[in-house]
Amino acid sequence: METTKARVARAETVAVSKAGLPLGQILDGDCVEAMRSIPTASVDLIFADPPYNLQLGGDLNRPDGSAVDAVTDHWDQFDSFKAYDDFTRDWLTEARRVLKPDGALWVIGSYHNIYRVGAILQDLGFWILNDIVWRKTNPMPNFKGTRFTNAHETLLWASMGEKAKYHFNYRAMKTLNDELQMRSDWVLPICSGGERLKEGGHKVHPTQKPEALLYRVLLATTEKGDVVLDPFFGTGTTGAVAKRLGREWIGCERENVYRDAAYKRIAKELPLDESALQTMQSAKAAPKVAFGALVEAGYLKPGTEVFDKKRRWIATVRADGSLAYGKQTGSIHSLGKDLQGAPSCNGWTFWHYEVEGPDGRDVKPIDAARQLYLLSVED
């Protein structure tokens, strides 16, 4: 158990280590040059969403003849595989330099680039901990009918070396997944609806990632106050989620339109209350949807108060999908069971929350939010 004196000493060390870091800033220009301005061994986590080098040839059209809004931007165009490999090696080299010895790297890609990226990061000394399959609930169809529909992307999570320490909030991930171990296949919808940034009816960025994806990554592998770097910042999904979860962030982005959109987006984001940021650190019914998925997707935000129908107990939703009632914490099922002194509890129907209705505030079981989520992922 860490003593108060040790915690104070650690906090002072962290404060000193952050001196000179461009926290809360989006560095302009090429990401390799921008990262060179960041001190060595100063970053806790890197999340990278680099160009995929999609190698698209010609326009892509739907069966009705309408054009598909695909990635045709200059930043995704490379003259050869060698050019892409050289670019990848350069930014990964800088990423390795700025990461702390116990830091970690996440990189996302598709079949076009992820194998090349994976080989290069291994050559540079990174150690792959997991490959995560993000399975999209609503992928873009294959309009030509010539291949399987591309319904997933791959994330690589790597430490600094085979023996290197790294951070993993195992207990928080299990709580987020309704007391089941979090698997390496994540089922999440693509970015759409109100979350998708648009200007003049058009997407600001063609490959904007869903906030639920970054929420899970940051909750799993960082702590409050950690420094998160995104070398390909785009419209700021990493920064928005980091700010919400109480993490520090730094971005690199050379496109003015993306930087402007990101700053505006992050400025609107509010950090979560301290108590809501706390997560389960130690220790069955398996519903179709984990309560944590609703929290990730914003259907029930951290800090929301939930209560039994008679309002005998009012608990607070925390960032990892656990609930807190005074000093007691647990999943929606286990906390409800403990408070009642019952052998079991169906948290979906036991806990309720308030929503705005046509006639004022309305009370609904949290299962109502689950049904809304199910409808959204089935669209």
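Hi everyone, let's start with two helices: the axes of α6 and α7 come within 9 Å of each other and cross at roughly 55 degrees. That angle makes α6 oblique to α7, since angles under 35 degrees count as roughly parallel, over 145 as roughly antiparallel, 65 to 115 as roughly perpendicular and the rest as oblique. Axes here are lines fitted to C-alpha atoms, for helices over the stretch in contact, with angles from 0 to 180 degrees between N-to-C directions. The helices and strands themselves are DSSP runs, H or I of at least four residues and E of at least two, numbered from the N terminus.

A word on the source: this is a predicted model, where local features need pLDDT of at least 70 and side-chain atom pairs count only at pLDDT 80 or more, while totals for chains, interfaces and linings use all residues. Residues are numbered from 1 along each chain as its sequence is written, and side-chain values use heavy atoms, leaving out hydrogens and water.

Back to our pair. The crossing of α6 and α7 is right-handed, meaning that the near helix is turned clockwise from the far one by less than a right angle. Which residues meet there? From α6 we have E211, L214, Y215 and L218, and from α7 they meet T237, T238, A240, V241, A242 and R244; contact means heavy atoms within 4.5 Å.

Now α7 on its own, residues 237–244: 7 of its 8 residues are buried, so this helix is largely enclosed by the rest of the structure. Buried means under 20% relative accessible area, exposed over 50% and partly exposed in between, with a 1.4 Å probe and protein chains only. The cover over those buried residues includes β2 (43–48), α6, β9 (227–230), β10 (248–252), α8 (256–267) and α9 (274–277). Just after α7, G246 has a positive phi of about 75 degrees.

On to the sheet. What is its strand order? It is an open sheet of 8 strands with mixed pairing, running β1-β10-β9-β2-β3-β5-β4-β6, where two strands pair if DSSP finds at least two bridges between them. At the edges sit β1 (25–27) and β6 (185–188), each pairing on one side only. On average, neighbouring strands are turned by 20 degrees against each other, ignoring direction. In the parallel pair of β2 and β9, which has 2 bridges, L45 stands opposite V228 in β9.

Two helices lie on these strands. Helix α4 (114–123) touches β3 (99–109), β4 (127–136) and β5 (152–159), and its direction makes about 165 degrees with that of β3. Our friend α6 lies across β2, β3, β4, β5, β6 and β9, at about 140 degrees to β6.

Next, the cores: sets of buried Ala, Val, Leu, Ile, Met, Phe, Trp, Tyr and Cys residues joined through side-chain atoms within 4.5 Å. The largest has 60 residues, and W106, L155, F291, L323, W351 and I366 touch the most other members. Helix α6, residues 211–221, gives the most to this core, with 8 residues. A second, separate core of 32 residues includes L21, C31, L105 and A158.

Last stop, F126, in the loop between α4 and β4. Is F126 buried or exposed? With a relative accessible area of 2%, F126 is buried. Leaving aside neighbours within four places in sequence, its contacts include L105 and A158. F126 and R96 are 30 residues apart in sequence, yet 8.1 Å apart in space, C-alpha to C-alpha. Thanks, everyone!
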